[in-house]
Amino acid sequence: MKERLVLIGNGMAGVRTLEELLKLTPEKYDITVFGEEPYGNYNRIMLSPVLASEKTIDEIMLNDDQWYADNNVTLHKGRKVTGIDRVRKVVRADDGTEAAYDRLIIATGSTPFILPVPGADKEGVIGFRDIHDVDLMLEASKKYKKAVVIGGGLLGLEAANGLMKQGMDVTVVHLLGHLMERQLDVTAAKMLQQSLQDKGMKFLMDHATEEVLGDDHVTGLKFSDGTEIAADLLVMAVGIKPNIELAQNAGLHCERGIVVNDTMQTFDPGIYSVGECVQHRGVCYGLVAPLFEQAKVAANHLAEFGIARYEGSVTSTMLKVTGIDLFSAGDFLGDDDTEEMVFQDVASGVYKKIVLRDNRIAGCVMYGDTIDGTWYFQMLKDGTDVSDFRNTILFGQAHLGDAGHGDDTRVAAMPDDAEICGCNGVCKGDIVNAISEKKLFTLDDVKAHTKAASSCGSCTGLVEALLAHTLGGDYSEAPSKKPLCSCTDYSHDDIIGAIRNQELKSMQAVRDFLEWKTPDGCASCRPALNYYLLANWPEEYQDDLQSRFINERAHGNIQKDGTYSVVPRMFGGLCTPSDLRAIADVCEKYSVPEMKVTGGQRIDLFGVKKEDLPGMWKDLTDAGFVSGHAYGKAMRTVKTCAGKTWCRFGTQNSTGLGVKLEELTWGSWMPHKFKLAVSGCPRNCAEATIKDFGVVCVDSGYELHVGGNGGIKVRVTDFLCKVDTEEEVLEYCGAFIQKYREEAHYLERTAPWVERVGLACVKQAILEDEAQRKALYERFLLSQKFAQIDPWKQRAEGAESCEFNPIRISA
Amino acid sequence: MSNWLEVAKLDDIPRLGSRVVRTDTMEIAVFRAADDSVFALKNVCPHKKGPLSEGIVAGHTVTCPLHNWKINLEDGCAQGPDEGCTHAFETKVDGDIVYLKG
Ligand code: SRM
Ligand SMILES: Cc1cc2nc3c(=O)[nH]c(=O)nc-3n(C[C@H](O)[C@H](O)[C@H](O)COP(=O)(O)OP(=O)(O)OC[C@H]3O[C@@H](n4cnc5c(N)ncnc54)[C@H](O)[C@@H]3O)c2cc1C
Ligand code: SF4
Ligand code: FES
């Protein structure tokens with residue numbers, strides 16, 4: 001018999017938990033749901049637009065009766081659960097219906113807080129929580145004229161706006177001197193109040209309600225200063241209180257909310273709780289984003305996957321009043337240890353404030369121009385160090401160059417034939433037409449249909465701005481935690497974590513454990529998994545050639561005509577006459593159409609036919625060459641300069657050190673390509689400060705630099721530290737590489753990786769913790785034992801011969 | 001080519017991989033999926049003639065190595081939103097021998 005799962009509370013958090021659970025294991029449980037409201041599950045957030053007549057109830061239904069039927073979920077609508085018998089493991093509803101459970105989820109949400117003042121129970125006094133409340137308000141707006149909303153927070157203002165849209169005369173009464181004090185600072189609050197007043201909303205600030213006036217029905221309010229105001233409808237929006245009565249009566253430990261641990265279990269481990277009724281690490285949440293994260297974790301545990309943990313959320317707020325742009329997140333007030341950056345343009349109604357703590361965003365408030373809100377919020381959550389661009393941060397991401405989010409007005413002003421995606425030659429008109437004609441809603445859709453943003457990705461921000469501009473409010477940004485690809489819901493970090501913690505050692509094991517949606521993955525996830533497995537289990541994992549991009553499978557760079565290029569390694573860029581002679585001979589023997597000195601200080605032989613590769617490699621191998629890995633997500637080159645041996649300014653033997661570094665690191669597979677350089681003095685002829693790992697020699701030692709990048713978006717390295725000896729250079733280099741190999745996402749170069757995790761994190765592992773540095777270096781050396789086997793030599797000796805030999809038939 | 005031609009042993013084609021079969025006039029890419037079904041396409045991508053034999057095989061599709069078009073192995077056609085087809089040859093596997101129909 002299947003296990004029985006009962007859900008109390010047919011709301012947003014509870015049903016989301018079921019959805020997540022059904023995705024993971026559709027068959028595990030017999031599921032029963034009790035919901036006090038007489039409907040399926042709907043999007044409570046959208047009650048505000050419904051009240052403002054911008055949406056209908058039908059449009060906000062999330063799961064109708066059919067969904068419950070399709071998923072074999074028994075739904076008891078309109079039935080309130082009145083008791084939980086934890087001994088018999090049975091719940092009972094007000095009409096006597098009982099249901100037995102093996103596991104139980106309590107997701108009873110919260111209830112509007114009603115001020116304990118005399119008269120609060122009169123007719124015409126309501127909260128703003130569910131469809132019933134909205135119906136009451138809509139009805140009242142037809143009969144009455146004057147509405148008062150107590151509470152100038154998010155909910156109160158949305159209620160006031162809706163009632164105003166229904167033609168009522170609305171006054172908002174607020175206890176404090178500025179609106180939304182939990183989300184806004186005084187400046188932003190005043191701007192907001194001004195815009196709402198311009199729309200016709202009235203305000204009574206600094207007013208404490210003392211009594212609700214009237215006989216049966218409300219007629220007005222009396223305040224503590226003795227003044228009064230008339231009202232036919234009174235909406236209390238002063239806060240919510242977690243709905244914990246049921247749990248409390250069942251003897252579950254509750255404080256403000258039902259107390260749960262990081263796996264969303266209450267003190268009775270068979271009983272889970274999610275949503276607004278919950279108190280996690282002392283915090284009760286009142287927004288959906290954290291509740292959805294809780295739902296994911298609870299589902300993961302109910303499915304007995306046991307890997308997810310909920311560790312709390314940082315939340316951000318927007319106000320759903322059409323025409324008002326407001327965004328707030330984190331600690332927007334700051335304290336003695338924070339710095340503030342403020343931009344204010346009263347004329348155009350724009351205000352932005354960013355609070356920084358140690359050069360990281362601690363909070364922000366934006367009013368009037370919120371296009372960069374999600375960008376700031378992402379950096380806030382990631383703890384990104386913004387020191388490099390703090391002087392332009394207030395101007396937004398667009399200002400950082402093309403990689404950023406372009407703003408709405410900028411894309412709106414572009415002509416239709418403006419090229420948005422330089423890689424695929426896609427113009428604004430193509431994208432806008434595709435969005436409207438093919439009904440595209442997401443960045444992925446646009447990528448698939450137009451190819452825009454599908455190559456180097458530097459136009460992603462512009463495409464997102466076009467989506468937002470074309471779709472208006474229907475476009476919502478991609479979730480912050482992106483799945484690796486459409487074969488899975490898990491992110492890179494989830495997958496790396498599972499491979500390591502669960503000791504998954506084959507691609508099939510990963511796909512089974514994380515319940516991949518496709519049997520053998522796709523061209524995006526297979527190379528990523530192959531890399532993660534190789535990096536984690538160098539001794540055991542068997543490289544899967546069929547999961548490698550052709551360049552890495554054929555050990556050459558595929559060209560547009562299907563031929564390959566061959567780049568033999570020249571350690572540190574050094575070469576001898578006989579090396580050059582051997583290369584020249586090979587080129588003549590195989591009629592190589594073109595040779596070129598590369599930007600990586602070695603020689604590229606272009607236009608080689610695939611079946612000639614092994615033969616050519618044999619000749620090169622015999623002459624002492626190994627593969628240059630010019631084709632791989634791998635260590636590429638070590639550029640060096642002349643150095644002390646010849647150069648009049650040289651301070652150390654940069655060429656010799658470059659050779660040693662290349663001997664140490666060649667052959668290693670990486671999340672992305674990895675380049676090194678050694679310059680003999682600060683004149684830096686080898687351009688070491690735009691390499692993934694660069695060394696600048698000085699008289700007294702060696703300066704180490706990391707996270708540099710030429711290419712699409714140039715980034716100068718961060719200075720890591722200075723060391724005294726070549727041995728130390730090698731050790732620090734190996735440790736840095738290994739940390740990058742273990743932690744970066746596949747296809748993430750060191751530059752974006754360092755920016756994502758922060759230089760401090762790299763320094764901590766490599767500088768401050770000697771034991772950790774040595775351990776990283778050891779792991780790197782171990783993995784090199786298996787990696788430094790020349791793939792060209794192996795193939796010249798016959799390995800993988802079927803890759804290179806066509807089958808010939810006559811027909 | 002109008003009858004069944006023997007081209008290879010099944011095990012000569014790597015699983016989730018391919019082999020190139022070269023005739024006097026053209027190249028054909030012969031693929032083997034994870035479920036051991038075998039497909040054959042003219043080795044020319046409908047986009048810009050990329051060699052499909054070099055792509056990554058997943059399910060019953062291959063991703064072209066040059067610009068990532070996804071081609072259906074069953075009929076040789078690009079998956080939406082891309083448009084275009086390359087010729088798909090009929091195949092059969094008898095015992096461990098793979099045959100192509102011209
Ligand atoms: C051959 C070479 C150009 C040359 O003749 O000088 C070259 C050729 C290619 N580069 Fe490069 N890059 C070459 C040095 C560089 C350099 C200069 C350097 O390393 O000092 C850079 C900028 C420095 C850097 O990487 O930070 C460079 C930045 C790129 C980028 C952008 C990388 C980025 O992070 O933004 C790409 C695209 C990518 O990797 O996704 C790229 C990609 C390519 C590819 C592999 C394109 C591809 O995916 O097919 C080119 C292969 C051509 C072919 O058909 O064989 N190549 N490429 C150079 C080979 C060096 C070597 O000996 O291995
Ligand atoms: C008007 C409005 C606007 C909002 N706007 C936003 C917004 O813009 N952004 C945002 O993030 N959040 C917003 N929220 C908050 C968001 O809707 C809630 O955080 C979310 O709905 C909470 O989900 P939940 O499942 O915990 O509770 P609910 O969705 O309230 O679900 C709880 C359900 O349990 C039922 N129930 C309670 N007790 C019992 C019982 N004993 N037996 C059976 N059933 C029971 C209730 O009837 C209810 O249906 C808004 C809320 C409102 C009311
Ligand atoms: S960096 Fe400058 S000094 Fe040093 S070797 Fe190169 S040229 Fe000479
Ligand atoms: S040639 Fe195949 S995708 Fe471009």
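The model is a predicted one. Chain A and chain B bury about 2,500 Å² between them. Around ligand 2 there are 33 residues, and around ligand 1 there are 22. The sheet described at the end is open and has 4 strands.

**Contact between chain A and chain B**

- Chain A contributes 31 residues to the contact, and chain B contributes 31 residues as well.
- Of the area buried between chain A and chain B, about 2,500 Å², 57% is on carbon and sulfur atoms.
- The interface of chain A and chain B holds 12 residue pairs in polar contact, counting pairs with both residues at pLDDT 80 or more.
- On chain A, the side that touches chain B draws at least two residues from each of these elements: helix H12 (443–450), helix H16 (525–536), helix H17 (550–554), helix H26 (801–804) and strand S39 (807–808).
- By class, the residues on that side of chain A are 13 nonpolar, 8 polar and 10 charged.
- There are 2 salt bridges between chain A and chain B.
- Glu611(A) and Arg22(B) form a salt bridge, with 2.8 Å between the closest N and O atoms.
- Strand pairing also links the chains: S39(A) and strand S2 (residues 17–22) of chain B run parallel and are joined by 2 bridges.
- In this pairing, Arg22(B) of S2(B) has Arg808(A) opposite it.

**Surroundings of ligand 2**

- Among the 33 residues that surround ligand 2, the closest are Ala13(A), Glu37(A), Arg129(A), Glu276(A) and Lys320(A).
- Glu37(A) places a polar side-chain atom 2.7 Å from an oxygen atom of ligand 2.
- Met12(A) approaches through its backbone, where an N or O atom lies 3.2 Å from an oxygen atom of ligand 2.
- The side chain of Asn243(A) has an N or O atom 3.5 Å from a nitrogen atom of ligand 2.

- The residues that come nearest to ligand 1, out of 22 around it, are Gln559(A), Gly599(A), Arg602(A), Lys673(A) and Gly710(A).
- The shell around ligand 1 consists of 3 nonpolar, 11 polar and 8 charged residues.
- Strand S33 (603–608) and strand S34 (635–640) of chain A each give at least two residues to this shell.
- In the side chain of Arg602(A), an N or O atom is 2.6 Å from an oxygen atom of ligand 1.
- For Lys673(A), a polar side-chain atom lies 2.7 Å from an oxygen atom of ligand 1.
- Arg749(A) has a side-chain N or O atom 2.8 Å from an oxygen atom of ligand 1.

**The sheet that includes S33(A)**

- S33(A), which supplies residues to the shell around ligand 1, is also part of an open antiparallel sheet in chain A with the order S30-S31-S33-S32.
- The edges of the sheet are strand S30 (557–558) and strand S32 (594–597) of chain A, each of which pairs on one side only.
- Strand S31 (residues 564–566) of chain A is joined to S33(A) by 2 bridges, and the two run antiparallel.
- S32(A) pairs with S33(A) over 4 bridges, in the antiparallel sense.
- Leu605(A) in S33(A) stands opposite Val566(A) and opposite Met595(A).
- The hairpin of S32(A) and S33(A) has 5 residues between the strands, and in its turn Gln601(A) has a positive phi of about 60°.

Methods: Residues are numbered from 1 along each chain as its sequence is written. Chains are lettered from A and ligands numbered from 1 in the order in which they are written. This is a predicted model: local features need pLDDT of at least 70, side-chain atom pairs count only at pLDDT 80 or more; totals for chains, interfaces and linings use all residues. Side-chain values use heavy atoms; hydrogens and water are left out. Contact means heavy atoms within 4.5 Å. Buried area is the accessible area (1.4 Å probe) that two parts lose on being put together, summed over both. A salt bridge is a side-chain nitrogen of Lys or Arg within 4 Å of a carboxyl oxygen of Asp or Glu. A polar contact is a pair of N or O atoms within 3.5 Å; within protein, one must be able to donate a hydrogen and the other to accept it, and residues adjacent in sequence count only if both atoms are side-chain atoms. Ala, Val, Leu, Ile, Met, Phe, Trp, Tyr, Cys and Pro count as nonpolar, Asp, Glu, Lys and Arg as charged, and the others, Gly among them, as polar. Two strands pair if DSSP finds at least two bridges between them. A residue is near a molecule or strand if one of its heavy atoms lies within 4 Å of it.
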